[in-house]
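Thanks, everyone. Let's get the structure up on the screen and walk through it.

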Number of protein chains: 2
Amino acid sequence: MREDQFLSELQKYFKESPRVVRGPGDDCGVVKSVPGKDILLTTESFIEGKHFTHDLLSLREIGYKAGAAALSDIAAMGGKPVVALVNLNIPEKYIARASEIYDGLTEVFSRFCTTIVGGNTEKTDYLALHITIMGEVTRERAIYRDGVKPGDILVITGDLGRPHGFLTAYYKGLTKGYKWWVNDMRDKFARPTPRIEEMDKILKEVEVHAAIDISDGLGVDSFRMAKASGVEMLFYADRLPINESVKHLASKLEIKDWFIAVESGEEYELLLALPPEAAEKIEELKLPVKIIGEAREDKPGSYIIVDDMKIDLSKRGWDALR
Amino acid sequence: MREDQFLSELQKYFKESPRVVRGPGDDCGVVKSVPGKDILLTTESFIEGKHFTHDLLSLREIGYKAGAAALSDIAAMGGKPVVALVNLNIPEKYIARASEIYDGLTEVFSRFCTTIVGGNTEKTDYLALHITIMGEVTRERAIYRDGVKPGDILVITGDLGRPHGFLTAYYKGLTKGYKWWVNDMRDKFARPTPRIEEMDKILKEVEVHAAIDISDGLGVDSFRMAKASGVEMLFYADRLPINESVKHLASKLEIKDWFIAVESGEEYELLLALPPEAAEKIEELKLPVKIIGEAREDKPGSYIIVDDMKIDLSKRGWDALR
């Protein structure tokens with residue numbers, strides 16, 4: 001992906017520092033804090049025409065979704081959010097309605113005990129939110145994307161495909177009028193859930209080797225995880241947790257539902273790598289999680305097994321510089 | 001100012017939290033951390049066409065200035081920067097030259113021991129940097145803008161007027177060819193100094209009641225400070241530290257130099273309020289600081305005394321929503 005190449009060129013600007021546990025390249029930066037705690041820092045851009053359009057989301061939903069996206073990075077590291085900064089770039093015509101954006105933002109922030117402590121507002125030609133979250137994680141317990149070990153089982157939270165399914169349906173002109181399946185897809189597209197509570201419960205019960213926020217899609221994000229960890233990752237198409245609404249859309253369009261699932265960005269689900277002995281326990285937790293694949297020792301890569309085909313996932317998903 | 005009205009409406013979205021020492025409304029948010037330290041968080045947007053244009057700054061200078069602007073907020077609170085997050089929105093034509101922006105950013109960050117620990121890159125139609133800095137300050141020693149007391153002396157770091165002077169000269173077509181005074185004005189316009197070291201030295205030697213980063217100009221920012229503190233602030237035109245280059249421009253344009261000085265944004269100087277007994281000590285410190293006025297008990301306001309006139313400063317400067 002072009003974004004990955006760009007980011008790896010920028011790595012040279014990261015300087016080692018005694019205060020920094022982990023620099024750029026994961027879902028959050030990690031900074032040493034008190035004995036017992038590390039600080040997590042992440043920032044997300046949510047830009048009109050790129051990450052959202054006004055015909056698909058209300059101002060309140062734009063606020064909610066931007067906040068959820070930023071919180072999801074904290075979840076992926078195994079942490080808890082503490083405070084947020086909000087940079088709002090706002091066109092003249094929306095200034096009087098800015099409270100709708102903040103209503104959405106504070107709805108998701110309140111749900112996860114996050115307080116806005118600052119930010120900036122600038123009048124611009126386009127609407128954009130740039131959100132920074134400071135979170136915390138138990139010292140040296142941050143979960144990274146590069147910790148996958150051969151033999152690990154791969155677990156996904158929630159379900160896959162609804163955000164991309166909704167966009168596909170929209171661009172094919174299928175979203176007019178009430179349809180249960182469009183509604184179900186839109187629900188997750190507009191109000192995704194950062195998996196902070198789920199991750200917290202999982203970490204209390206089982207060992208987690210690695211995690212990543214699949215905000216660009218299972219395809220490319222699993223490849224990033226595989227590459228960072230130096231393993232091959234295999235997923236099974238028939239195990240992916242695909243929502244009924246996505247199955248319905250796929251059959252309507254005569255395409256494979258797994259294809260929608262692996263391409264789907266803005267899921268804000270977590271992909272986790274666990275030791276194989278955790279398999280039984282994770283299924284007993286009564287959380288929305290599912291074992292969908294495994295890692296093995298091989299050339300780094302990410303593949304989906306569909307019947308007896310092995311299909312490369314490394315380029316499936318969203319590229320910020322595309 | 002329209003920005004101030006907007007921000008005060010947004011105050012209702014700030015929720016009290018046991019972890020938050022100070023929410024929105026100052027140069028940084030302040031969060032409780034270890035015993036002995038508080039965390040400072042600030043974020044700045046630096047947007048093409050609004051905060052900079054390519055005919056006035058190189059890519060490297062854009063990076064440098066954006067970084068300096070964000071660091072200046074940490075200085076105003078009496079803190080030291082630790083790490084930074086950089087959200088880069090970049091047009092296609094600059095992607096191959098992104099390292100020039102990072103060279104400028106890391107130049108100013110390295111100078112103040114700040115490490116980039118994360119960020120985001122998005123391809124957009126315009127260039128914008130959204131920079132977040134996490135800093136630290138000794139527990140309960142953060143300096144706020146609302147602490148000015150009647151009788152305090154008002155002290156400014158550095159000199160005033162060069163950024164606005166440079167822009168004025170540019171728009172009047174006076175910047176072509178080498179001219180010592182244009183060069184001097186451009187120096188500060190392109191490479192301002194966040195006053196982290198000066199503030200650190202001042203805090204070691206004298207008591208500081210309040211401080212503000214006058215990034216929108218002495219006029220409006222002193223008014224914000226006066227309003228937050230509930231005092232009247234008086235400045236003396238003949239005491240303002242105005243650079244020779246600005247005096248030269250003023251005489252050329254047949255305007256008053258103090259007028260350029262109070263309107264000048266992007267100064268990144270600090271305005272400090274000190275008890276009157278600190279007057280002698282602050283002048284002995286051999287730092288670029290000058291006593292330019294005093295605070296007194298009266299209706300909140302900010303004024304400049306020019307000969308025997310008292311001129312309102314509250315609307316002089318930059319308004320982000322104008």
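Start with A:Val289. Is this residue buried or exposed? A:Val289 counts as buried, because it has 23 C-beta neighbours inside 10 Å, and the cut-off for buried is 20 or more. Keep in mind that this is a predicted model. A:Val289 sits in strand 11 of chain A, residues 289-296. What does it touch, leaving out residues up to four places away in sequence? The contacts are A:Val155, A:Ile156, A:Thr157, A:Glu198 and A:Ile282. One pair to note: A:Val289 and A:Ser72 are separated by 217 residues in sequence, and their C-alpha atoms are 16 Å apart in space.

Staying in chain A, on to the sheet. Chain A has an open sheet of 6 strands, in the order 1-2-3-6-4-5, with mixed pairing. Strand 1, residues 20-22, and strand 5, residues 115-123, are the edges, and each pairs on one side only. From one strand to the next, the twist averages 20°. Look at strand 3, residues 37-47, and strand 6, residues 128-138: these run antiparallel, joined by 11 bridges. Within strand 6 of chain A, A:Thr132 is the residue opposite A:Thr43.

Helix 3 of chain A, residues 98-111, lies across strand 4 and strand 5, at about 165° to strand 4.

Now chain B. Here, too, there is an open sheet of 6 strands with mixed pairing, ordered 1-2-3-6-4-5. Its edge strands are strand 1 (20-22) and strand 5 (115-123). Neighbouring strands are turned by 20° against each other on average, ignoring direction. In chain B, strand 4, residues 80-90, runs parallel to strand 5, with 8 bridges between them. B:Leu88 has B:Thr121 in strand 5 as its bridge partner.

Strand 5 of chain B matters for the next slide as well. Which element gives the most to the side of chain B that touches chain A? Strand 5 of chain B does, with 9 residues. Overall, 47 residues of chain B are in contact with 48 residues of chain A. Elements of chain B supplying at least two residues each include helix 1 (2-10), strand 2 (29-32) and helix 3 (98-111). By type, the chain B side divides into 22 nonpolar, 18 polar and 7 charged residues.

Last stop: the helices of chain B. Helix 4 of chain B, residues 162-171, is largely enclosed by the rest of the structure, because 8 of its 10 residues are buried. Among the buried ones are B:Arg162, B:His164 and B:Phe166. What do they pack against? The buried residues of helix 4 pack against helix 5, helix 8 and helix 9 (257-263) of chain B. After helix 4 of chain B comes B:Gly173, with a positive phi near 70°.

Two of those partners also pack on each other. Helix 5 (residues 180-190) and helix 8 (residues 244-253) of chain B have axes 8 Å apart, at an angle of about 125°. Helix 5 and helix 8 of chain B are therefore oblique to each other. The crossing is left-handed. On the helix 5 side, B:Trp181, B:Asp184 and B:Met185 meet B:Ser245, B:Val246, B:His248 and B:Leu249 of helix 8. Those contact residues divide into 4 nonpolar, 2 polar and 1 charged.

That's my tour. Questions, please.

Definitions and conventions. Residues numbered from 1 in each chain as written. Chains lettered and ligands numbered in written order. Predicted model: local features only at pLDDT ≥ 70, side-chain atom pairs only at ≥ 80, totals over all residues. Axes fitted to C-alpha atoms, helices over the stretch in contact; angles between N-to-C directions. Helix = DSSP H or I, 4+ residues; strand = E, 2+ residues; numbered from the N terminus. Parallel < 35°, antiparallel > 145°, perpendicular 65-115°, else oblique. Left-handed = near helix turned anticlockwise from the far one by under 90°. Contact = placed C-beta atoms within 7 Å. Nonpolar A, V, L, I, M, F, W, Y, C, P; charged D, E, K, R; others polar. Buried ≥ 20, exposed ≤ 12 C-beta atoms within 10 Å, placed from the backbone. Pairing = 2+ DSSP bridges.
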